[in-house]
Amino acid sequence: MTEEPDEMDEAAGRKAVVGSRMLKGKAAFEPEKAIATATRTLVIGPYLTRAGMEAARATPGLRGAGARLEEAVGLTEAIDLTIIGAEVAPIRLIRPATYLGGGKVEEIARRVAAEEIGLVMMDCALSPVQQRNLEQAFKAKVIDRTGLILEIFGRRASTKEGRLQVELAHLAYQKSRLVRSWTHLERQRGGFGFLGGPGETQIETDRRLIQERMSRIERDLEEVKRTRGLHRASREKVPYPTVALVGYTNAGKSSLFNRLTRAEVLAKDMLFATLDPTTRAIELPHGLKVVLSDTVGFISDLPTQLVAAFRATLEDVILARVILHVRDIANPDTDAQDEDVRQVLTELGLGPAAQGRIIEVWNKADLLAESERARLAEISARRQGASDANRAPILVSALTGEGIDTLLAAIEARLADDRQSFRMTVPAGDGEGLAWLYREAEVLSREEAEEGALHLTLRAGSEAVGRIRRRFGEGALTPA
């Protein structure tokens, strides 16, 4: 006997709102991967036409419909769904009931039936009513961009903090979906223990259960945040400056992180390969140690739930002395991606005032045509020789290592903005003192003097200068 649609909706709804899963590592997602692979998926890009954007008084973005659809396909592939087709659906007006116009809904419904499609991914943010109506029209599951990104984050998060943040964002999204769209939400039920008082409607029960779980997660996250704060405080006592990597997803941040640190962080040609922050210490050319932090990639139309949920994860970016904005310069969409990243940085409180901390890194030079590579290298070199050299982009290839030495020198120069240069002499035989100076300051040059003494040129911040003077005496340092 075929299950009635309302009963199917009821089962799906209860599973979604009450059965929120705990994310417990890769093994937990193997069954989901098998299901995803067997799910025939159609990707729809319902994008406003130019006339539609003018009517809606929306600002046209730099990204074209083709590039947007390509990204939507990449997002869909990130959770192993089998894509049967993808198409742009130009719209002049967003319909309150179905987002798309009636004719387009019918056309897609016919294709869904003919090609036995089980899931339609809509590359937009659907209201709960729109999602419900489209599912009824297509007789297939419908997921919007927000739900898809949340699903990807759920797959990728591996640390306790990452899993908690993803679940919190998932629950906030589910809570917004609690409309009277499932038959069981129309009914009232009697109380049974702590699950519900007399006469409490099912929708109220679901909403309350979700809120209770969200409150528990928020308490757990506060504890994790305190632990991260202690770790950060211990790093600040060292004290090593923090350098944070940011950029559009799949710009090559993790590949660059691996190149700079010789680490083996997951680096794949895949959207959102990295979600959990990773930090390593690296040494700059003149010996200064810094903490390098790899962070989650940004994306256009990032769900607001995730911007809020991952704010704690992005604290390393907010507090970093230097921010490396990694761009996939070989991507035709690089300018639009740049705009999206800057918008998210502004949302994090890193607006124009923080520009002095940002170094733009033009990554994936190895993928450029030789003429384009030469043109961009000339632009980079010309700006590095200008008066505002600190704002010059650095052309690199994380894959081949091209430009890495220039990048490290640029990081060092940016950190030197608030560091002073000094000269001092280390007596012969004070090997311990010399080693100590190499740990505490940047040794820019050294010359051997008479009787084995060493003349050093150092660069150090105010705190290190104070430690040097306490160890070697007030008169040990003279301005360089």
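Q: Is H325 buried or exposed in this predicted model?
A: The model is predicted, so local features need pLDDT of at least 70 and side-chain atom pairs pLDDT 80 or more, while totals for chains, interfaces and linings use all residues. Residues are numbered from 1 along each chain as its sequence is written, and side-chain values use heavy atoms, without hydrogens and water. Buried means under 20% relative accessible area, exposed over 50% and partly exposed in between, with a 1.4 Å probe and protein chains only. Because its relative accessible area is 2%, H325 is buried.

Q: In which strand does H325 lie?
A: Strands (E, at least two residues) and helices (H or I, at least four) are DSSP runs numbered from the N terminus. The residue H325 belongs to the run 322-328, which is strand β8.

Q: What is the order of the strands in the open sheet of six strands?
A: Two strands pair if DSSP finds at least two bridges between them. The pairing in this open sheet is mixed, and the order is β6-β7-β5-β8-β9-β10.

Q: Which are the edge strands?
A: An edge strand here pairs on one side only. The two are β6 (278-283) and β10 (394-395).

Q: In which sense do β6 and β7 pair?
A: Strands of a sheet pair through backbone hydrogen bonds, either parallel or antiparallel. Strand β7 covers residues 289-294, and its six bridges with β6 are antiparallel.
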